[in-house]
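Welcome! Please take a look at the structure below, and then read on for a short tour.

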Amino acid sequence: MLQGINLACVRGDRELFKDINFLLESGGLMQVRGPNGSGKTSLLRMLCGLSHPAAGDILWEDQNIRALDSDFFAAVTYIGHLSGTKDDLTVLENLQISSALAGMEISTEQANDALHYIGLKGREALPVKVLSQGQRRRVALARLLVCKTSLWILDEPLVALDVMAVKLVRGVLEEHLQQGGMVVMTTHQEIDISAASIMELQLA
Amino acid sequence: MLIWIIKRDLLLAVRRQSDVLTTLFFFIIVVSLFPLSVGPEMNLLRTMAPGIVWVAALLASMLSLGRMFSNDYIDGTLEQMLLSPQSLSLLVLGKALAHWLVTGIPLVLMAPVLGIQYDLPGDALAILTISLLLGTPVLSLIGAIGAALTLGLRGGGVLVSLLVLPLYIPILIFGAGAVEASMAGVGFDAHLSLIGAFLLVSLVFAPWAAASSLKVSLE
């Protein structure tokens, strides 16, 4: 259960948003909407603990995420604007190393399965720098298939993806939600995900 | 975790060998310039040698400091590391050790060869190598703090030198001092022990300080 209480964000002198309240229960999806510059990414970075809110508290299972620290990080997967992949490493190495650094060591078979599923079959041994934007995105999203976290925070996960890949990601998200996971995401694309509870958070 | 981060950084260094080689060649060239410019005055060269080799090692190690975190910052892997449930200090320790393996070890291995240009006696060459072996990890560890503090800043490269070079001074004094002491025939153990002490202190404090700076830099 993720709860935000009176969250506010200040960038320089400008207040991006204030008094944001929400309660996300297990199996729930929260879509954050708003025009460019309304603070969607800032909100997501706050929710995953990368930055601190100017005011308000973020609670995970009724405890402040700042107090939880690494216990909270163990429950969260964040995929941001930046892909989080190294250009000089191969697709397979990227997935294995990023999973290991996130505290989840995976075998080569597990990594290969995930890459096949996300549509990168035959590309496992290529360095990421030769891939297209959409394929890089798929490498980043492959982490969702191998991680065992309950809260996924996704910043524009569908950018650069083709129709097939969007369908694939929708399937992955729906399965995660059915198993009681939680998703917080921003997207400008229309995507109808079926979930137990769907919330929209409108910024500005 | 520690193994993974070291493995990752070494793998990246293998894929981009130019980064490693520039540091090493910089060291070789700077050290070789002095005998060429000063001339074959053996006594003068012998006295200057420890200082020059150590200063060149400081500068060479500094040359690659900027890259320690900035590449990971640009492609977003650093923010993923911050979100890892594992300790960030451990991760920084891993990155500093990888930096040392990639930039420090080649300098240590090259130093005795370069020392010959200065007509250093065998014992002095050995002490020079040992002092570098103990001292270069300290350079990487202290450098990690500077690199973390200046992450994402414009002109961070110059700033990192201004921040870190003064902190290198004790290592420079005792590192060069050990070699001079051994050439003068007096005990050099105290110098080496002090560098060892610096190494232990920085092993404990530098990862923690760099981890805190990274958190501030990424907010």
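## Chain A as a whole

Of the 204 residues in chain A, 41% count as buried, where buried means that 20 or more other C-beta atoms, placed from the backbone, lie within 10 Å of a residue's own, exposed means 12 or fewer, and partly exposed is in between. This is a predicted model, in which local features need pLDDT of at least 70 and side-chain atom pairs count only at pLDDT 80 or more, while totals for chains, interfaces and linings use all residues. Residues are numbered from 1 along each chain as its sequence is written, with chains lettered from A and ligands numbered from 1 in the order in which they are written.

Chain A has seven helices and nine strands; helices (H or I, at least four residues) and strands (E, at least two) are DSSP runs, numbered from the N terminus. Its C-alpha atoms fill a box of roughly 50 × 35 × 30 Å along the principal axes. The radius of gyration of chain A is 17 Å, which agrees with the value near 17 Å for a compact globule of 204 residues; the radius is taken over C-alpha atoms, and the globule rule is 2.2 Å times the number of residues to the power 0.38.

## Where the chains meet

To the contact, chain A brings 25 residues and chain B brings 20 residues; two residues are in contact if their C-beta atoms, placed from the backbone, lie within 7 Å. On the side of chain A that touches chain B, α3 (70-73), β6 (76-79) and α4 (91-101) of chain A each supply at least two residues. The most comes from α4(A), with four residues.

## Two helices in chain B

How do α3(B) and α8(B) cross? The axes of helix α3 (residues 42-63) of chain B and helix α8 (residues 156-184) of chain B come within 9 Å and cross at roughly 150°. Such axes are lines fitted to C-alpha atoms, for helices over the stretch in contact, with angles from 0 to 180 degrees between N-to-C directions. The two helices α3(B) and α8(B) are therefore roughly antiparallel (under 35 degrees counts as roughly parallel, over 145 as roughly antiparallel, 65 to 115 as roughly perpendicular and the rest as oblique).

Among the residues of α3(B) that meet α8(B) are Gly51(B) and Trp54(B). Gly51(B) is partly exposed, with 17 other C-beta atoms within 10 Å. Gly51(B) and Glu180(B) are 129 residues apart in sequence, yet 8.9 Å apart in space, C-alpha to C-alpha.
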